[in-house]
Amino acid sequence: MSVWALYSGLTRAPLWRTWSHAWAPASVSGLGLHTSGPLAMLPGKKKKRMDPALEKFKDERKIKRLTKALKKMQKKDRILKPVLEVEVPPHLVKEKVQRDRGTEVPYEIQEERILLGKQWSRFCGNRNRKEVRQFDNVILSQQKALDVLKTLSPALHFEAIQHDPTLLPFKAKGPVYTLPIPEYIQDGEYKDVTKEFTIKYGDMKQFMTQLISNPRRRSKKQTDES
Amino acid sequence: QTAKSSATPTPAELWDIAVSVCVERHPRVTPPLAELPKTFLTCLRQQEIEQSLLNDHELAIQREARAKSAVDASLQKREAGLKTTLDLEDDWQKEMAQFPLPPRDPEARGTPHEPAPTLTRPVVLMVRHLRGATPVWTLPMAQRLAGETLRQTAERAVLDNVGSRLQVQILGLAPWAVYNNRYSKTMQGHCGKMGSKMFIYKAHYLEGQVEIQNEAIEDYQWALREELQGHLLSDERNALANILYDEEP
């Protein structure tokens, strides 16, 4: 009886329909037997609902680990950007002996040069001291003018000691050796071959693999406590 | 305003306030070097050559000199279409000769109205106007009007005397120097003041042309230091000496 009932139960709906418990007839499940609907695919893993606190903790740990790794990277020495002016081309280093001028400066001329250097030093010192004295004179002169202005009119004096916003940023174009040629067009075409450099750390690959392979694993006891 | 009981009048009652502007035009070309800097520079350049290594061109010259028969080698090169070092040097000399290098002419003065572009010394703007009956050369000046700050008077001094096309940058709100300009007896009696306190402002010439629209101004000139000092009164000269920088190195 039960088997026949089962069969009738099965033929009630087409086979491709998934059956839930609600579809199974109550009369059939006298013995507590029932069928589940045909499943079209393999049963999937049930997702365990995470504890929200635990989830948060895991995220925090991730962020901490990443910030630590970033700090470590920043502490590591960067490969310095090559400066063309400082780098000596290697072929010149090899050819140094070949390219030696072999000049020998006689003793008298060396002495002359040293004395000239001292003269120059004295000249520069005097020039700089003179300039400083000129600055002092200007400041004194301005102070005198402001004092006189104060006796004449305190209001004008107040206006004069205000900050002048048009003065800064101060621009002055210096003199040149020869004046610019009118309508001179710089000759020659050029290709811009400046090299672009990105920040690079030494042995980046090794460093990253090291980071990935050894994340610090805390013992279970510690996780429970925190 | 109630009269003060004290007998001595205040400075404001004795003196007028006037402002003059020292517009300085800087040289566009560097001045020639003095003796010591020149000798030191040649010495440095000599040392630089001595301490350097031979460059590729000089190595090529050496190689050509060392060749077994230098003349044949150079002939071969020329036949092959290559240039010898002498050829290269000739080419460079020609290129240099053809380059339109502008002249450096420190002696050129130009006119008082338009200083030469190759002038290597700074010049200061002066105007000619009547002081009483006599025409004198002075810095552009103006009497302060009521309600003006000193800086505004300075700007007006430039504008009224030499026109709006001249662009100057007056340096700061505070005056740079002051001197007394006593009036003549007749003038004192006329206006009741001893004279005027002349405040000097310093300005940098930026660009533009002088355009005299004021009938009181007869003429203008861009004066060198000696010419400037020659025209001025002793008080003004002393005041200016403090704020104009010394041209001697």
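Helix axes are lines fitted to C-alpha atoms over the stretch in contact, and the angles between their N-to-C directions run from 0 to 180 degrees. This is a predicted model, in which local features need pLDDT of at least 70, side-chain atom pairs count only at pLDDT 80 or more, and totals for chains, interfaces and linings use all residues. Residues are numbered from 1 along each chain as its sequence is written, and chains are lettered from A in the order in which they are written, while side-chain values use heavy atoms, with hydrogens and water left out.

**View 1. Packing of helices H3(B) and H5(B).** Helix H3 (residues 56-66) of chain B packs against helix H5 (residues 85-98) of chain B at an angle of about 140°, their axes lying 10 Å apart. In contact (heavy atoms within 4.5 Å) are His57(B), Ala60(B), Ile61(B) and Glu64(B) of H3(B) with Thr85(B), Leu88(B), Glu89(B) and Trp92(B) of H5(B).

**View 2. The hairpin of E2(B) and E3(B).** Strand E2 (residues 123-131) of chain B runs antiparallel to strand E3 (residues 134-138) of chain B, and 5 bridges join them, where pairing requires at least two bridges found by DSSP. Arg128(B) has Trp137(B) in E3(B) as its bridge partner, and between the strands, which are separated by 2 residues, Gly132(B) takes a positive phi near 75°.

**View 3. The helices of chain A.** Chain A has 7 helices (DSSP runs of H or I, at least four residues) and 0 strands (runs of E, at least two). Buried residues, those under 20% relative accessible area with a 1.4 Å probe and protein chains only, make up 12% of its 226 residues.

Notes:
Buried means under 20% relative accessible area, exposed over 50%, partly exposed in between (1.4 Å probe, protein chains only).
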